[in-house]
Amino acid sequence: MELLHVHIEQAGYEERDNVIRNVAFTLGSGQLVGLIGPNGAGKSTTIKAILGLIKKTKGEVRFSGPQGNYAYIPEHPILYEELTLWEHLELAAAAYGLKADEFRERAEELLAQFKLGDVRHHLTTSFSKGMQQKVMLIIGFLTKPDVYIVDEPFIGLDPKATKELLDTLNAERRRGAAILMSTHVLDTAERICDSFVLLNAGETVAQGDLDQIRSDCGMPGASLFECFHTLT
Ligand SMILES: Nc1ncnc2c1ncn2[C@@H]1O[C@H](COP(=O)(O)OP(=O)(O)OP(=O)(O)O)[C@@H](O)[C@H]1O
């Protein structure tokens with residue numbers, strides 16, 4: 001089942017309205033698609049265009065899942081100074097209209113998974129960078145949306161947290177959610193993604209599963225890392 005359809009003809013900023021040109025892909029139920037490309041290629045701009053945060057966007061973005069919703073997990077934590085971790089979770093639950101018992105069960109499960117149970121009543125400003133990143137993951141996972149849009153989730157996470165993240169993403173895929181994930185961590189992306197959208201200078205230079213990417217760059221048997229270097 002298709003959950004997200006993206007066709008951005010053009011998106012950009014005040015000074016330059018065509019940072020992204022002709023980026024198109026779909027996300028189906030259970031799919032994990034990696035959005036990759038060098039610094040400045042346009043990954044964040046693509047994500048912002050999908051989220052409707054860029055005024056100068058031409059094209060179409062359609063969330064077509066059963067709930068029609070999504071969770072965005074940003075690269076840099078966005079947290080309220082005056083709220084504890086638990087209050088952040090309550091706020092998210094209220095915003096998404098989660099039922100109280102459903103919220104508590106899901107929150108406890110995620111706090112245990114990401115090892116933040118002991119600090120639930122602490123202000124998130126007292127947390128390390130990695131802990132703050134984990135709070136953003138928990139808030140995203142709390143709402144069980146149709147689609148996840150995750151911007152570079154691996155930076156700053158320790159190996160245990162990375163494993164929890166990968167396990168939770170897999171569980172969400174089994175539930176039927178789709179995931180768009182931008183990342184520079186290509187060996188992990190190669191291992192976990194079903195397919196890729198490889199951007200360079202605002203355009204798609206290769207797209208599809210690893211075999212399609214390999215054939216786009218004429219390197220059968222190459223790693224994603226090697227294809228990336230050839231194509232960008
Ligand atoms: N707010 C902005 N105003 C004007 N230009 C911008 C703005 N944000 C990004 N750009 C430009 O758009 C282009 C794409 O940037 P973008 O942040 O989408 O790249 P990225 O692929 O996410 O890079 P990175 O891997 O470094 O995060 C770059 O040339 C950048 O300079």
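In this chain, 73% of the contacts between residues with a separation of 6 or more are made by residues 24 or more positions apart, where two residues count as in contact if their C-beta atoms, placed from the backbone, lie within 7 Å. The structure is a predicted model, in which local features need pLDDT of at least 70 and side-chain atom pairs count only at pLDDT 80 or more, while totals for chains, interfaces and linings use all residues. Residues are numbered from 1 along each chain as its sequence is written.

**Overall fold**

- The chain has eight helices and nine strands, which are DSSP runs numbered from the N terminus (helices are H or I of at least four residues, strands are E of at least two).
- The radius of gyration is 18 Å, close to the 17 Å that the globule rule gives for 232 residues, so the chain is as compact as a globular protein of that length; the radius is taken over C-alpha atoms, and the rule is 2.2 Å times the number of residues to the power 0.38.
- Along its principal axes, the C-alpha trace spans about 50 × 40 × 35 Å.
- Buried residues make up 38% of the 232 in the chain, a residue being buried if 20 or more other C-beta atoms lie within 10 Å of its own, exposed if 12 or fewer, and partly exposed in between, with C-beta atoms placed from the backbone.

**Domains and annotation**

- The chain is divided into domain 1, made of residues 1-69, 146-156 and 177-232, and domain 2, made of residues 76-144, with bounds that come from an automatic or database domain assignment.
- Between the C-alpha centres of domain 1 and domain 2 the distance is 27 Å.
- An unreviewed UniProt entry lists residues 1-226 as "domain: ABC transporter"; UniProt positions are given in the numbering used here, feature names are shortened, and annotations may be inferred rather than shown by experiment.

**Ligand surroundings**

- Around the ligand stand Y13, E15, R16, V19, G37, N39, G40, A41, G42, K43, S44 and T45, a residue being near a molecule if its C-beta atom, placed from the backbone, lies within 6 Å of it.
- This shell divides into three nonpolar, six polar and three charged residues, where Ala, Val, Leu, Ile, Met, Phe, Trp, Tyr, Cys and Pro count as nonpolar, Asp, Glu, Lys and Arg as charged, and the others, Gly among them, as polar.

**Residues with positive phi**

- Most residues other than glycine have a negative phi.
- N22, which lies in strand 2 (residues 20-28), has a positive phi near 55 degrees although it is a residue other than glycine, and N22 is partly exposed, with 13 other C-beta atoms within 10 Å.
- A201, placed in the loop between strand 8 (195-200) and strand 9 (203-208), is not a glycine but has a positive phi of about 45 degrees, and with 14 C-beta neighbours inside 10 Å this alanine counts as partly exposed.

**Buried positions in helices**

- M136 belongs to helix 4 (residues 129-142) and counts as buried, with 23 C-beta neighbours inside 10 Å.
- Setting aside neighbours within four places in sequence, M136 is in contact with I73, P74 and P77, whereas Y148, 12 residues away in sequence, is 12 Å from M136, C-alpha to C-alpha.
- R214 belongs to helix 7 (residues 210-216) and is buried, with 20 C-beta neighbours inside 10 Å.
- Not counting residues up to four places away in sequence, R214 touches M219, P220, A222 and C227, while L231, 17 residues away in sequence, lies 10.0 Å from R214, C-alpha to C-alpha.

**Exposed and partly exposed positions**

- H121 sits in the loop between helix 3 (100-113) and helix 4 and is exposed, with 9 other C-beta atoms within 10 Å.
- The C-alpha atoms of H121 and L85 are separated by 6.0 Å although these residues are 36 apart along the chain, and, neighbours within four places in sequence aside, H121 is in contact with T84 and W86.
- T162, in helix 5 (residues 159-175), counts as partly exposed, with 15 C-beta neighbours inside 10 Å.
- Not counting residues up to four places away in sequence, T162 touches F154 and L157, whereas the C-alpha atoms of T162 and A178, 16 residues apart along the chain, are separated by 19 Å.
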